[in-house]
Amino acid sequence: MAKEPILSAKDVEIQFSLRGRKLTAIRKCSLDLYEGETLAIVGESGSGKSVFTKSFLGMLDANGKIVGGSIMYNGEDISKFTTEKEWLGIRGKKIAMVMQDPMTSLNPLKRIGVQIEESIKLQQGLKGEEAKKRALQMLNLVGIPDAERRYNQYPHEFSGGMRQRVVIAIAIACHPQILICDEPTTALDVTIQAQILDLIRYLQSKLNMTVIYITHDLGVVANVADRVAVMYAGQIVEYGLVNEIFYDAWHPYTWALLSSLPQLGVKGEELPSIEGTPPNLFNVIKGDAFAPRNKQALAIDFVKEPPFFPISETHMAKTWYLDPRAPKIEQPEAVRRLREKMRARR
(Lines give C-alpha, C1' and ligand atoms only; values in the text may rest on other atoms or scores of the structure.)
Protein backbone atom coordinates (compact mmCIF):
# COMPACT_ATOMS: atom_id res chain seq x y z
CA MET A 1 0.00 0.00 0.00
CA ALA A 2 1.45 3.33 -1.04
CA LYS A 3 -0.54 5.46 1.41
CA GLU A 4 0.77 6.33 4.86
CA PRO A 5 -0.45 4.20 7.80
CA ILE A 6 -2.63 5.91 10.42
CA LEU A 7 -1.02 3.77 13.14
CA SER A 8 2.40 2.14 12.91
CA ALA A 9 3.72 -0.27 15.55
CA LYS A 10 7.41 -1.16 15.18
CA ASP A 11 9.28 -3.88 17.11
CA VAL A 12 6.90 -3.62 20.08
CA GLU A 13 7.97 -5.68 23.09
CA ILE A 14 5.66 -6.14 26.09
CA GLN A 15 6.63 -7.82 29.35
CA PHE A 16 4.63 -8.85 32.41
CA SER A 17 6.08 -9.31 35.89
CA LEU A 18 4.72 -12.49 37.45
CA ARG A 19 5.94 -13.80 40.81
CA GLY A 20 9.31 -12.14 40.36
CA ARG A 21 9.79 -13.44 36.81
CA LYS A 22 9.50 -11.68 33.45
CA LEU A 23 7.14 -13.02 30.78
CA THR A 24 7.66 -11.55 27.31
CA ALA A 25 4.13 -11.67 25.88
CA ILE A 26 4.87 -9.61 22.73
CA ARG A 27 8.23 -10.15 21.02
CA LYS A 28 9.30 -7.40 18.60
CA CYS A 29 5.91 -7.20 16.89
CA SER A 30 5.30 -4.77 13.99
CA LEU A 31 2.07 -3.73 12.29
CA ASP A 32 0.84 -0.94 10.02
CA LEU A 33 -2.83 0.06 10.01
CA TYR A 34 -4.37 1.98 7.10
CA GLU A 35 -7.34 4.33 7.03
CA GLY A 36 -10.72 2.72 6.33
CA GLU A 37 -9.46 -0.87 6.21
CA THR A 38 -10.63 -3.91 8.16
CA LEU A 39 -7.69 -5.84 9.60
CA ALA A 40 -8.17 -9.23 11.26
CA ILE A 41 -5.59 -10.50 13.75
CA VAL A 42 -5.89 -14.29 14.10
CA GLY A 43 -4.21 -16.92 16.22
CA GLU A 44 -4.98 -19.40 18.98
CA SER A 45 -5.61 -18.31 22.58
CA GLY A 46 -2.49 -16.93 24.25
CA SER A 47 -0.82 -15.84 21.01
CA GLY A 48 -0.83 -12.19 22.13
CA LYS A 49 -3.63 -10.73 19.99
CA SER A 50 -5.46 -8.90 22.79
CA VAL A 51 -2.33 -7.84 24.67
CA PHE A 52 -0.82 -6.31 21.52
CA THR A 53 -3.92 -4.27 20.65
CA LYS A 54 -4.60 -3.23 24.26
CA SER A 55 -1.22 -1.49 24.14
CA PHE A 56 -2.75 0.89 21.55
CA LEU A 57 -5.15 2.20 24.24
CA GLY A 58 -3.02 2.02 27.40
CA MET A 59 -5.14 -0.87 28.72
CA LEU A 60 -2.38 -3.28 29.76
CA ASP A 61 -2.75 -4.84 33.21
CA ALA A 62 -0.86 -3.10 36.03
CA ASN A 63 1.96 -5.66 35.87
CA GLY A 64 2.41 -5.20 32.10
CA LYS A 65 4.72 -2.74 30.40
CA ILE A 66 5.89 -1.81 26.90
CA VAL A 67 9.66 -2.28 27.17
CA GLY A 68 10.70 -1.80 23.55
CA GLY A 69 9.70 -0.48 20.15
CA SER A 70 7.30 2.31 19.20
CA ILE A 71 3.61 2.87 18.38
CA MET A 72 3.27 5.97 16.22
CA TYR A 73 -0.19 7.56 16.05
CA ASN A 74 -0.98 11.13 14.96
CA GLY A 75 2.73 11.99 15.02
CA GLU A 76 3.20 10.81 18.62
CA ASP A 77 4.85 7.70 20.03
CA ILE A 78 2.00 6.60 22.30
CA SER A 79 4.09 3.69 23.65
CA LYS A 80 5.92 6.33 25.72
CA PHE A 81 2.72 7.53 27.45
CA THR A 82 2.94 7.02 31.21
CA THR A 83 -0.09 8.82 32.68
CA GLU A 84 -3.83 8.22 32.54
CA LYS A 85 -4.28 11.85 31.45
CA GLU A 86 -2.21 11.19 28.30
CA TRP A 87 -4.19 8.04 27.47
CA LEU A 88 -7.55 9.78 27.94
CA GLY A 89 -6.76 11.85 24.85
CA ILE A 90 -6.61 8.58 22.87
CA ARG A 91 -8.77 5.98 24.60
CA GLY A 92 -12.42 6.22 23.59
CA LYS A 93 -11.89 9.48 21.75
CA LYS A 94 -9.52 8.27 18.98
CA ILE A 95 -9.22 4.50 19.53
CA ALA A 96 -12.01 2.47 21.15
CA MET A 97 -12.47 -1.21 21.98
CA VAL A 98 -15.42 -3.63 22.01
CA MET A 99 -14.81 -6.52 24.42
CA GLN A 100 -15.92 -10.08 23.78
CA ASP A 101 -18.32 -10.55 26.71
CA PRO A 102 -20.85 -7.70 27.00
CA MET A 103 -22.05 -8.85 30.42
CA THR A 104 -18.64 -8.25 31.98
CA SER A 105 -18.18 -4.98 30.04
CA LEU A 106 -21.36 -3.44 31.47
CA ASN A 107 -22.01 -2.46 35.08
CA PRO A 108 -25.04 -4.51 36.24
CA LEU A 109 -25.98 -1.83 38.81
CA LYS A 110 -26.25 1.09 36.38
CA ARG A 111 -28.89 1.86 33.79
CA ILE A 112 -27.83 1.48 30.16
CA GLY A 113 -28.34 5.16 29.34
CA VAL A 114 -26.12 6.27 32.23
CA GLN A 115 -23.30 3.99 31.04
CA ILE A 116 -23.40 5.39 27.51
CA GLU A 117 -23.53 8.94 28.90
CA GLU A 118 -20.39 8.35 31.02
CA SER A 119 -18.32 8.05 27.87
CA ILE A 120 -20.01 11.06 26.24
CA LYS A 121 -19.50 13.28 29.32
CA LEU A 122 -15.88 12.24 29.77
CA GLN A 123 -14.78 12.57 26.16
CA GLN A 124 -17.08 15.24 24.71
CA GLY A 125 -17.92 17.39 27.72
CA LEU A 126 -21.68 17.20 27.09
CA LYS A 127 -24.00 17.29 30.11
CA GLY A 128 -27.66 16.92 31.07
CA GLU A 129 -30.15 16.80 28.21
CA GLU A 130 -27.43 17.15 25.57
CA ALA A 131 -25.66 14.03 26.86
CA LYS A 132 -28.97 12.12 27.06
CA LYS A 133 -29.90 13.15 23.51
CA ARG A 134 -26.52 11.90 22.28
CA ALA A 135 -26.95 8.59 24.17
CA LEU A 136 -30.37 8.05 22.57
CA GLN A 137 -28.86 8.75 19.14
CA MET A 138 -26.27 6.05 19.81
CA LEU A 139 -28.95 3.52 20.85
CA ASN A 140 -30.86 4.23 17.63
CA LEU A 141 -27.69 4.03 15.55
CA VAL A 142 -26.84 0.53 16.79
CA GLY A 143 -30.37 -0.69 16.06
CA ILE A 144 -31.93 -0.87 19.52
CA PRO A 145 -35.70 -0.26 19.14
CA ASP A 146 -37.71 1.87 21.58
CA ALA A 147 -34.55 3.70 22.70
CA GLU A 148 -36.38 5.96 25.21
CA ARG A 149 -37.61 2.97 27.22
CA ARG A 150 -34.39 0.97 26.82
CA TYR A 151 -32.36 3.96 28.03
CA ASN A 152 -33.71 3.42 31.58
CA GLN A 153 -33.25 -0.35 31.70
CA TYR A 154 -30.45 -2.42 33.27
CA PRO A 155 -28.10 -4.84 31.43
CA HIS A 156 -29.92 -7.96 32.72
CA GLU A 157 -33.07 -6.80 30.90
CA PHE A 158 -31.30 -7.10 27.52
CA SER A 159 -30.53 -10.20 25.47
CA GLY A 160 -26.89 -11.08 24.69
CA GLY A 161 -27.10 -9.58 21.22
CA MET A 162 -28.72 -6.37 22.51
CA ARG A 163 -26.08 -6.07 25.25
CA GLN A 164 -23.37 -6.30 22.60
CA ARG A 165 -25.11 -3.52 20.66
CA VAL A 166 -24.99 -1.38 23.81
CA VAL A 167 -21.25 -2.05 24.25
CA ILE A 168 -20.74 -1.02 20.61
CA ALA A 169 -22.81 2.14 21.23
CA ILE A 170 -20.50 3.07 24.14
CA ALA A 171 -17.40 2.40 21.99
CA ILE A 172 -18.55 4.55 19.05
CA ALA A 173 -20.16 7.34 21.12
CA CYS A 174 -17.19 9.64 20.44
CA HIS A 175 -16.72 8.67 16.77
CA PRO A 176 -13.27 7.02 17.18
CA GLN A 177 -10.97 6.75 14.18
CA ILE A 178 -10.02 3.16 15.08
CA LEU A 179 -12.39 0.53 16.54
CA ILE A 180 -10.84 -2.64 17.99
CA CYS A 181 -13.29 -5.56 18.23
CA ASP A 182 -11.97 -8.27 20.57
CA GLU A 183 -13.85 -11.48 19.70
CA PRO A 184 -17.10 -9.46 19.45
CA THR A 185 -19.28 -12.45 18.52
CA THR A 186 -17.83 -15.27 20.68
CA ALA A 187 -20.56 -15.15 23.33
CA LEU A 188 -23.41 -15.03 20.79
CA ASP A 189 -25.29 -17.64 18.78
CA VAL A 190 -24.69 -17.90 15.03
CA THR A 191 -27.65 -15.84 13.76
CA ILE A 192 -26.90 -13.00 16.20
CA GLN A 193 -23.20 -13.16 15.26
CA ALA A 194 -24.09 -12.34 11.66
CA GLN A 195 -26.24 -9.39 12.77
CA ILE A 196 -23.44 -7.94 14.91
CA LEU A 197 -20.88 -8.30 12.08
CA ASP A 198 -23.32 -6.55 9.71
CA LEU A 199 -23.82 -3.78 12.29
CA ILE A 200 -20.07 -3.19 12.69
CA ARG A 201 -19.67 -3.12 8.89
CA TYR A 202 -22.51 -0.56 8.62
CA LEU A 203 -21.07 1.64 11.39
CA GLN A 204 -17.60 1.45 9.86
CA SER A 205 -18.96 2.80 6.58
CA LYS A 206 -21.20 5.45 8.21
CA LEU A 207 -18.58 6.77 10.64
CA ASN A 208 -15.55 6.21 8.40
CA MET A 209 -13.74 4.04 10.95
CA THR A 210 -10.80 1.68 10.63
CA VAL A 211 -11.61 -1.67 12.27
CA ILE A 212 -9.35 -4.29 13.86
CA TYR A 213 -10.93 -7.69 14.54
CA ILE A 214 -9.26 -9.98 17.05
CA THR A 215 -10.48 -13.51 16.46
CA HIS A 216 -9.62 -17.19 16.15
CA ASP A 217 -12.62 -17.78 13.87
CA LEU A 218 -11.38 -17.93 10.28
CA GLY A 219 -14.99 -17.93 9.06
CA VAL A 220 -15.41 -14.43 10.51
CA VAL A 221 -12.10 -13.40 8.90
CA ALA A 222 -13.21 -14.53 5.44
CA ASN A 223 -16.42 -12.50 5.75
CA VAL A 224 -15.13 -9.19 7.12
CA ALA A 225 -11.39 -8.65 6.57
CA ASP A 226 -9.45 -6.76 3.92
CA ARG A 227 -6.12 -7.83 5.40
CA VAL A 228 -5.09 -10.56 7.84
CA ALA A 229 -2.22 -10.75 10.35
CA VAL A 230 -1.47 -14.19 11.83
CA MET A 231 -0.01 -14.18 15.36
CA TYR A 232 1.90 -16.91 17.14
CA ALA A 233 3.79 -16.76 20.45
CA GLY A 234 3.76 -12.97 20.63
CA GLN A 235 4.79 -12.31 17.03
CA ILE A 236 3.07 -11.66 13.72
CA VAL A 237 4.33 -14.53 11.55
CA GLU A 238 2.42 -13.81 8.32
CA TYR A 239 0.29 -10.99 6.93
CA GLY A 240 -1.38 -10.23 3.64
CA LEU A 241 -4.64 -9.48 1.88
CA VAL A 242 -7.42 -11.85 2.90
CA ASN A 243 -7.31 -13.73 -0.44
CA GLU A 244 -3.53 -14.12 -0.16
CA ILE A 245 -3.81 -15.69 3.28
CA PHE A 246 -6.60 -18.07 2.27
CA TYR A 247 -5.27 -18.88 -1.24
CA ASP A 248 -1.51 -18.80 -0.82
CA ALA A 249 -0.43 -18.96 2.84
CA TRP A 250 3.21 -19.91 3.47
CA HIS A 251 3.87 -19.97 7.20
CA PRO A 252 3.47 -23.49 8.64
CA TYR A 253 1.35 -22.10 11.50
CA THR A 254 -1.05 -20.47 9.03
CA TRP A 255 -1.21 -23.80 7.21
CA ALA A 256 -2.08 -25.54 10.48
CA LEU A 257 -4.87 -23.05 11.22
CA LEU A 258 -6.36 -23.37 7.73
CA SER A 259 -6.06 -27.18 7.75
CA SER A 260 -8.09 -27.27 10.98
CA LEU A 261 -11.11 -25.59 9.37
CA PRO A 262 -14.14 -27.90 9.77
CA GLN A 263 -15.27 -26.95 6.23
CA LEU A 264 -12.19 -28.71 4.84
CA GLY A 265 -12.88 -31.98 6.57
CA VAL A 266 -13.30 -35.10 4.46
CA LYS A 267 -16.08 -37.45 5.51
CA GLY A 268 -14.62 -40.44 7.32
CA GLU A 269 -11.27 -38.76 7.93
CA GLU A 270 -10.10 -37.25 11.20
CA LEU A 271 -9.98 -33.43 11.17
CA PRO A 272 -6.36 -32.23 11.47
CA SER A 273 -5.36 -30.58 14.74
CA ILE A 274 -2.25 -28.67 15.80
CA GLU A 275 -0.23 -31.02 17.98
CA GLY A 276 1.81 -29.84 20.93
CA THR A 277 1.54 -26.60 22.90
CA PRO A 278 2.77 -23.03 22.39
CA PRO A 279 6.19 -22.20 23.89
CA ASN A 280 6.66 -21.01 27.46
CA LEU A 281 7.08 -17.24 27.14
CA PHE A 282 9.04 -17.06 30.39
CA ASN A 283 11.88 -18.65 28.43
CA VAL A 284 14.04 -17.15 25.69
CA ILE A 285 12.78 -18.55 22.38
CA LYS A 286 15.45 -19.69 19.97
CA GLY A 287 14.76 -19.97 16.24
CA ASP A 288 11.20 -20.25 14.92
CA ALA A 289 8.77 -20.48 17.87
CA PHE A 290 6.51 -22.86 15.91
CA ALA A 291 9.31 -25.31 15.00
CA PRO A 292 8.70 -27.80 17.88
CA ARG A 293 5.11 -28.28 16.64
CA ASN A 294 6.02 -28.42 12.94
CA LYS A 295 6.73 -31.91 11.58
CA GLN A 296 8.38 -30.37 8.49
CA ALA A 297 10.62 -27.98 10.43
CA LEU A 298 14.06 -27.35 8.93
CA ALA A 299 17.25 -27.66 10.98
CA ILE A 300 17.74 -23.89 10.89
CA ASP A 301 14.26 -23.37 12.42
CA PHE A 302 15.63 -24.55 15.77
CA VAL A 303 18.70 -22.32 15.60
CA LYS A 304 17.91 -18.97 14.00
CA GLU A 305 14.76 -16.84 13.93
CA PRO A 306 13.58 -16.31 10.33
CA PRO A 307 13.16 -12.81 8.88
CA PHE A 308 10.09 -11.77 6.86
CA PHE A 309 10.27 -12.90 3.23
CA PRO A 310 8.12 -11.10 0.62
CA ILE A 311 5.63 -13.18 -1.37
CA SER A 312 4.00 -10.15 -3.01
CA GLU A 313 3.92 -6.40 -2.36
CA THR A 314 1.23 -6.94 0.26
CA HIS A 315 2.07 -10.43 1.52
CA MET A 316 4.95 -11.41 3.85
CA ALA A 317 5.72 -14.54 5.86
CA LYS A 318 8.28 -15.15 8.60
CA THR A 319 9.50 -18.60 7.57
CA TRP A 320 12.72 -20.15 6.29
CA TYR A 321 10.62 -22.09 3.75
CA LEU A 322 10.77 -18.97 1.55
CA ASP A 323 14.55 -18.67 1.64
CA PRO A 324 15.95 -19.46 -1.85
CA ARG A 325 18.37 -21.94 -0.24
CA ALA A 326 15.58 -23.94 1.48
CA PRO A 327 14.42 -27.32 0.15
CA LYS A 328 11.10 -27.17 -1.70
CA ILE A 329 8.21 -27.67 0.72
CA GLU A 330 4.72 -28.23 -0.70
CA GLN A 331 1.65 -26.60 0.80
CA PRO A 332 -0.53 -29.14 2.68
CA GLU A 333 -3.31 -30.91 0.79
CA ALA A 334 -5.98 -29.21 2.92
CA VAL A 335 -4.66 -25.74 1.97
CA ARG A 336 -4.59 -26.63 -1.73
CA ARG A 337 -8.13 -28.00 -1.38
CA LEU A 338 -9.25 -24.71 0.19
CA ARG A 339 -7.81 -22.76 -2.74
CA GLU A 340 -9.67 -24.96 -5.23
CA LYS A 341 -12.88 -24.74 -3.22
CA MET A 342 -12.75 -20.93 -3.04
CA ARG A 343 -11.94 -20.63 -6.76
CA ALA A 344 -14.93 -22.84 -7.57
CA ARG A 345 -17.20 -20.40 -5.71
CA ARG A 346 -16.19 -17.48 -7.93
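Visitor: How do you know that the span of helix H4 (residues 112–124) agrees with what 13 residues should give?

Guide: Quick caveat before that: this is a predicted model, where local features need pLDDT of at least 70 and side-chain atom pairs count only at pLDDT 80 or more, while totals for chains, interfaces and linings use all residues. Residues are numbered from 1 along each chain as its sequence is written, and side-chain values use heavy atoms, with hydrogens and water left out. Now, the expected span is 1.5 Å times one less than the number of residues. For the 13 residues of H4 that gives 18 Å, and the end C-alpha atoms are 18 Å apart, so the two agree. Helices here are DSSP runs of H or I with at least four residues, strands are runs of E with at least two, and both are numbered from the N terminus.

Visitor: Why is threonine 38 called buried?

Guide: Buried means under 20% relative accessible area, exposed means over 50%, and partly exposed is in between (1.4 Å probe, protein chains only). Threonine 38 has 4%, so it counts as buried. This residue lies in strand S3 (residues 38–42), and Tyr213 and Asp226 are among the residues it touches, leaving aside those up to four places away in sequence.

Visitor: What makes S6 and strand S7 (residues 178–182) a pair?

Guide: Two strands pair if DSSP finds at least two bridges between them. S6 and S7 have four and run parallel, so they pair by that rule. In S7, cysteine 181 is the bridge partner of valine 98. Both faces of S6 (residues 95–98) are covered, with Ile95 and Met97 buried on one side and Ala96 and Val98 on the other.

Visitor: Which element gives the most to the lining of the second largest pocket?

Guide: H4, with five residues. The lining has 19 residues in total, and Arg91, Met97, Ser119, Ile170 and Ala171 lie nearest the centre of the pocket.

Key. On a 1 Å grid over the protein atoms alone, a cavity is a set of points where a 1.4 Å probe fits but cannot get out, and a pocket is an open set with protein on both sides within 12 Å along at least five of seven lines; lining residues have an atom within 4 Å of a point. Contact means heavy atoms within 4.5 Å.
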